[in-house]
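Subject: Structure for your files

Hello,

Here is the structure we spoke about. My notes follow below it.

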Amino acid sequence: MIAFLIKRLFHALLVMFVISVIAFAIQDNLGDPIQQMVGQSVPESEREALREELGLNDPFAVQYLRFAANAVQFDFGYSYVFNEPTTDVILRHLPATLELVAASTFLIIALSIPIGVYSAIKPRAWLSRFFMGVSIIGISIPVFLTAIVLIQLFAIGVSWSPFPADTGWGAWLNDLLTTDGGMPAYGRGDPVPVFGTWETNFASLEGLTYLVLPAISLASIMLPLFIRLIRAEMLEVLQSDYVKFARAKGISPRRIYFLHALKNTMLPVITVGGVQIGTLVAYTILTETVFQWPGMGLMFLDAIERSDIPLIVTYLMIVGLIFVITNTLVDLIYGLVNPTVKLTGKPA
Amino acid sequence: MSLLEVNNLDVRFALRRGDVQALRDVCFSLDRGERLGIVGESGAGKSVAAFTLLNLIAKPGYIAGGSIRFDGQELIGMRDRALRKIRGHRISMIFQDPMMTLNPVLTIGEQMVECLKAHRRISSRDARAISLRKLEQVQIPSPSARLDQYPHELSGGMRQRVIIAIALLLDPDIIIADEPTTALDVTIQAEIMALLLELCEEHNVGLILITHDLGVVSQVTQRMLVMYAGRVIEQGPTREIINDPQHPYTQGLINALPQMATPGSRLNQIPGSMPSLDNLPSGCAFHPRCGFVTRADGSTRQACHDQVPGFVTSGNCQAACHMVAEMIERERIPAEEQD
C-alpha cells in the first residue's frame, strides 16, 4: 500500500512536471507581457530595462525554474485582470465547479447503474431498447445544445398547440408539449457560505434548484456512455461460467445480478469512470458558459478573452492536478474492489 | 423406478435461420448411487444434455419436448423458484474449467456459505463450519485459511477441489460433472478423478460424468451412453461397451485410443468429422463416415441412407445401427429355423 502510494506520487509528480512545462511554454509565447503592463508611451529603453529587471531575457530553462520554484509553493503570480494572486481567484471559483461536477457525478452514478443493469438483464424489453435509443441520441448531441434545449423547455417554457385543441386527444397532446418553465438557469442564486471562500448550493432547496439544469446538461454526455458501458460489461459477465455456476448452485437471481455479476461489471467501469470525472471538469467550460455558472470554466473562458496569462496557466495546472488526484483515487478504489490486484503494482 | 429418468428429450436452439436440434430423442436413467458416463466428440450434445437437466441452457436454447423425472417430480416446465430448490441442493454440478467457475471477486468462503444459505435456514457460523468440513473432505491443504482466500490465490487443481466441495455441500443425490478434469494438468487429473469417485462412493451420490476420455469412463462409471450428433447411439454397461462395442462409431472411438495403435504406425482415426447440427446427413447421421454402409458382399445397405436407426438390443447393450440390427436379425432367423 505504502509502496503503491509512493509509486503513484512519483507518477503524479512526473505528470505535473510535463503539464507545468507545457503551461509555462504557453505563458512564454502568448505575446509580450511588458505590453500588457505598461502604456503605449513608455519608450523602448525603459521596456528593455523592465524586461531585464523581471528576468524576461533569461534563457527558457532559468525562467522555467523560477516559475517552478514558485509554483511548488502554489504561487503562480498575479492575475492581470483581478490584480490579486491567481490562486485566490481560482479558489473563489473552484467550489462552484466542484459542486456542479459532484451533482453531475451523482446523477450519472444514480441513473447509469440501474438503467445499465436493467437493460443487460432484459436486453429485449422495449424499455431497454428505448434506453439504448435515447442514449445514442444523448451521446450525439453536444452539451451546449442540450443545455439550450433544457433552458428553453424548463426555464423559459414552451407552449405549442400543433394539434386541434377542441378534440380530447389533441388537447392532451398539446398539454404534453407545453411546459411551464420557471427553473433557474442563470448563475448560482444565493449559495450558503460554508467556510472561507466556499459557498454551497447543497445546503438549501433553492440552491439545489439552481443546480438541476446545469447538472443535467453536464451529465448528458457521460450518462449515456456509462449506461452503454455498464450494459455491455454486464451482458458479457452474465455469459461467464461463474454466473452459470452460481445458477447451478441454486442462488437467487437477485443475488446473482447484484452481487456476482455487478461486482465484476463495475471493475472496468471504475477505471473508465476515473478518467471521465476529469473530463467532466473540462466539460464544465461549456456548461458553465451557457448557464453563466460562476465556476472555473467560465473564469477560464474569461481569462482567455482578456489574455490573462497567469490565470490561464494556473487553471491548466489546477485542472491537471485534479486529473492526477482523481486517477490516483480511482486506482486506490479499484485495488480495494478487485482482489486480484495487489496495490504494490505486481499482479499476485 | 429410477431416481432420474430422462425420456425423449428434445432440445433446440432458435437461431435466426431456423431451429437447430441439439438433442434428439435422448433417453437414459440413473439409479441412486449409480455412476453414468456420457461420451462423445465435442459438439455431440453432451454438455447440452447436462445443462438441460437443471434447465440451465442459455437462450436461444430451449427444451422442445420430452420429460425429465427426478425423484417422482417432472423437472421440465417446473417454475424457476421450485427448480432452484433442486439446483445445488439435490442435483449439483461441476464445470469444466475451474479457472472460470469461481467468481473472482468473492472469497471461497462467501461462495460456499451463500450456497448453504440459499437452501437452508442456517447461521453464517454454522455454514462456515460445514464449508470447512467439506474442504477437509476434498483434502485441500490448510482448509481454514482457504475460506478467506480469493480464487486467484489457488491453483487449478485446488480450485477444482473447492468446486467439488461446493457440489457436495448439501449432500446431493446426483452430481453432474461436465468434463471435470479436461482443463487440468495430466498429473492432477487422476488425483481429482480418484477423489470424485471416492467421495461419490462414500456418500452414495449418483454421478453423471461427461467426458471424452474413455479411460476415465471405464474406471469410474458403471453404465455409459455414447452420443453422436445430438443422439444417443449406444448405451449399456460400461465394461461391455468398452470390451465389445456394437455401433461402428463406438468401435471407431475405442480404436482411436493411442493404446490401440500399432507402435510406430499412425494412430487410428475415424475418417471425416462430425456433421454440424443444422445440416445432418439423411438417415443415420454417422453413415458418411461409416465403413459398414457397404455390406461384405459389396451391396449397399440403403436403410443407412434413408432411415434413422432405432435401438436394437444386443446382450445388455442397446445400439442404434442398421448394420447391428441386420446382424441380429440374421442370427435370429437361422436359430428359429433350427427349432
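In which loop of chain B is Pro60(B) found? Pro60(B) lies in the loop between α1 (46–53) and β4 (61–70) of chain B (helices are DSSP runs of H or I, at least four residues, and strands of E, at least two, numbered from the N terminus). A cis peptide bond, with omega about 10 degrees, joins Lys59(B) and Pro60(B).

This is a predicted model: local features need pLDDT of at least 70, side-chain atom pairs count only at pLDDT 80 or more, and totals for chains, interfaces and linings use all residues. Residues are numbered from 1 along each chain as its sequence is written, and chains are lettered from A and ligands numbered from 1 in the order in which they are written.

Two residues other than glycine have positive phi. Ala229(B), with phi near 50 degrees, sits in the loop between β9 (223–228) and β10 (231–237) of chain B. Ala229(B) is buried, having 23 other C-beta atoms within 10 Å. Gln292(A) also has phi near 50 degrees, in the loop between α11 and α12 (296–305) of chain A, but is exposed, with 12 such atoms within 10 Å. Buried means 20 or more other C-beta atoms within 10 Å, exposed 12 or fewer, and partly exposed in between, with C-beta atoms placed from the backbone.

In chain A, the axes of helix α11 (residues 253–291) and helix α13 (residues 309–337) come within 9 Å and cross at roughly 165 degrees (axes are lines fitted to C-alpha atoms over the stretch in contact, with angles from 0 to 180 degrees between N-to-C directions).

Regards
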